[in-house]
Amino acid sequence: MGQLQPQKNVYAVIDLGSNSFHMLIAKSIAGGLQTIGRVKRKVRLAAGLDENNVLSTEAMQRGWECLALFAERLQDIPKKNITIVATATLRLATNADVFKHKAEQILGHKINVISGELEAKTIYKGVAHTSACSGKQLVIDIGGASTEVVIGQGFDALHYKSLHMGCVTFLERYFKDQKLSNENFAAAINAASEVVAEIVDEYQATGWQIASGASGTVQAIQEIMVAQNQDELLTLDKLLAIKEQSVQFETIADLELAGLSEERRLVFVSGLAILIALFQSLDIKQMGLARGALREGVLYSMVPELHNHDIRKRTVDGLMNRYHVDQKQACRVAQLAEQLAKSVMGQWQSIDENAIALLRTVAKLHEIGLLIEYKLYHKHTAYIIENTDMPGFSQSEHKLITAVASEHRADLVKNSFAHLGCHQVLAECLTRVVRIAVILSMRRQDDVLPAIDLSVNENTLTLTFDGDWLKYHPLMASELQLESKLQAKVGWKLIVK
């Protein structure tokens, strides 16, 4: 057999974290990155540090065994497309070179032990490339032995700090007896607050519009909240409530919260204590889950063609290319939907510039399901969107786009947007508009429509055509009359004249 050729458009990032080792493998395709592999192993390297920061042989052995697994997958990837970074534990360990020397032999690649400041900036880059915050953004990543806190805007980190506290080191220090007591929590929260104190004045003076958590702790809390039928945003009250639920159990081994994974349980309470201290000290009102972090930051730095400042455009264009969308038709529907939405913008309070941007996204992607089949293509479209990473869109925006795409044609189901909570009304408004735009674009040609006007009075939309145009276009008139009946079934009123 001939030797396998490395795949030039495949990239790998390995992150030797203090709690877990991660390997992310992605392919550069259609103007974006497609994840084709993720491997994660709990190594808890930081647990092997003693009071003199000497890393134990047992901890190093756990790390080497994990890297032996990773090494197998790296064989098919060009060396220049592989980056390996190590963080807090290997920054702290006095005998880090012992671990590093053998690890590099196992992997066949150099390991970069990055500074805390570079780690913080790279985490921010990973978040910035996978979100669409237009203002200042606070990003927090609670690792095993360090916590990175960054305020940035666009792709630039303005303030960045790596703090010496993490969910593994705090577990060893404040929950070593495994007891879930108010005293242990208080000790951990107070200690974390003292560490955070050095950045409070600077960070509060700068301020931020959005706070995002890029760590497993934040994800675990969000999963618990979802299991308890709460919305996805973290608040201090919710964190304190989860702490109170936790202390009802005697030990960490007994801890059973709905939504908490077995994998996360051991370091959950120490991470929670650190997050409570951050919320209290920095006066964080609410926080969402970031889609990217250190690995994504490294990955986007490796692929120069992805240094595109319009992340949403990159995401949408990539999906359109991947699913062979008729781009002229997609833009035609998007332009018409935007025109209609802007005509009712003043009357429908839920429609603002961001809502119109989401409407354009739905319109541009509404036909990706055609690649599967026509009859239920709107459902195929929704399925594809729901199960695709969408950098540039928040979790709630992703859900809204999925829901509107699912209902952009055919029969409507009453209360189909109830699961969107506070975004239900916006989803209904966007759906009503995009359905009309899709029908009006059904000839798939430019310049076939007369002047049209859309107006709203309470729950009634009125679509008015110039002159007798509908009289001479009976198919369009018939489709719009059917649409009026479909919308009426769910309590929406559409008048066509």
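A crossing of two helices is left-handed if the near helix is turned anticlockwise from the far one by less than a right angle, and right-handed if clockwise. In this structure, α13 passes α15 in a right-handed crossing.

## Basis of the model

This is a predicted model, in which local features need pLDDT of at least 70 and side-chain atom pairs count only at pLDDT 80 or more, while totals for chains, interfaces and linings use all residues. Residues are numbered from 1 along each chain as its sequence is written, and side-chain values use heavy atoms, with hydrogens and water left out.

Helices (H or I, at least four residues) and strands (E, at least two) are DSSP runs, numbered from the N terminus.

## The annotated domain

An unreviewed UniProt entry carries the annotation "domain: Ppx/GppA phosphatase C-terminal" for residues 311-483. UniProt positions are given in the numbering used here, feature names are shortened, and annotations may be inferred rather than shown by experiment. Over residues 311-483 the chain is 53% helix and 7% strand.

## Helix α13 and its partners

Helix α11 (residues 311-322) and helix α13 (residues 353-365) have axes that come within 10 Å and cross at roughly 15 degrees. That makes α11 roughly parallel to α13. Axes are lines fitted to C-alpha atoms, for helices over the stretch in contact, and angles run from 0 to 180 degrees between N-to-C directions. Angles under 35 degrees count as roughly parallel, over 145 as roughly antiparallel, 65 to 115 as roughly perpendicular and the rest as oblique. The crossing of α11 and α13 is right-handed. Contact (heavy atoms within 4.5 Å) involves R312, V316, L319 and M320 of α11, and N354, A357, L358, T361, K364 and L365 of α13. By class, this contact of α11 with α13 has six nonpolar, two polar and two charged residues. Ala, Val, Leu, Ile, Met, Phe, Trp, Tyr, Cys and Pro count as nonpolar, Asp, Glu, Lys and Arg as charged, and the others, Gly among them, as polar.

Helix α15 (residues 395-406) packs with α13 at an angle of about 50 degrees, the axes being 10 Å apart. That makes α13 oblique to α15. On the α13 side the contact uses N354, L358, T361 and V362, and on the α15 side E397, L400, I401, V404 and A405. The contact of α13 with α15 has six nonpolar, two polar and one charged residues.

## The five-stranded sheet

Strands of a sheet pair through backbone hydrogen bonds, either parallel or antiparallel. Two strands pair if DSSP finds at least two bridges between them. An open sheet of five strands, with mixed pairing, has the order β8-β7-β6-β9-β10. Its edge strands, β8 (156-163) and β10 (288-289), each pair on one side only. Strand β7 (residues 147-153) runs antiparallel to β8, and seven bridges join them. I151 has H159 of β8 as its bridge partner. Helix α9 (residues 262-282) packs on the sheet, touching β6 (136-142) and β7, and its direction makes about 155 degrees with that of β6.

## The three-stranded sheet

Another open sheet has three strands in the order β11-β12-β13, with mixed pairing. β11 (452-457) and β13 (493-496) each have a single partner strand, so one side of each is left without a neighbour in the sheet. Strand β12 (residues 460-465) pairs with β13 in the parallel sense over four bridges. The bridge partner of T460 is K493 in β13.

Helix α12 (residues 327-343) lies across β11 and β12, at about 40 degrees to β11. Helix α17 (residues 474-489) touches β12 and β13, with its direction at about 160 degrees to that of β13.
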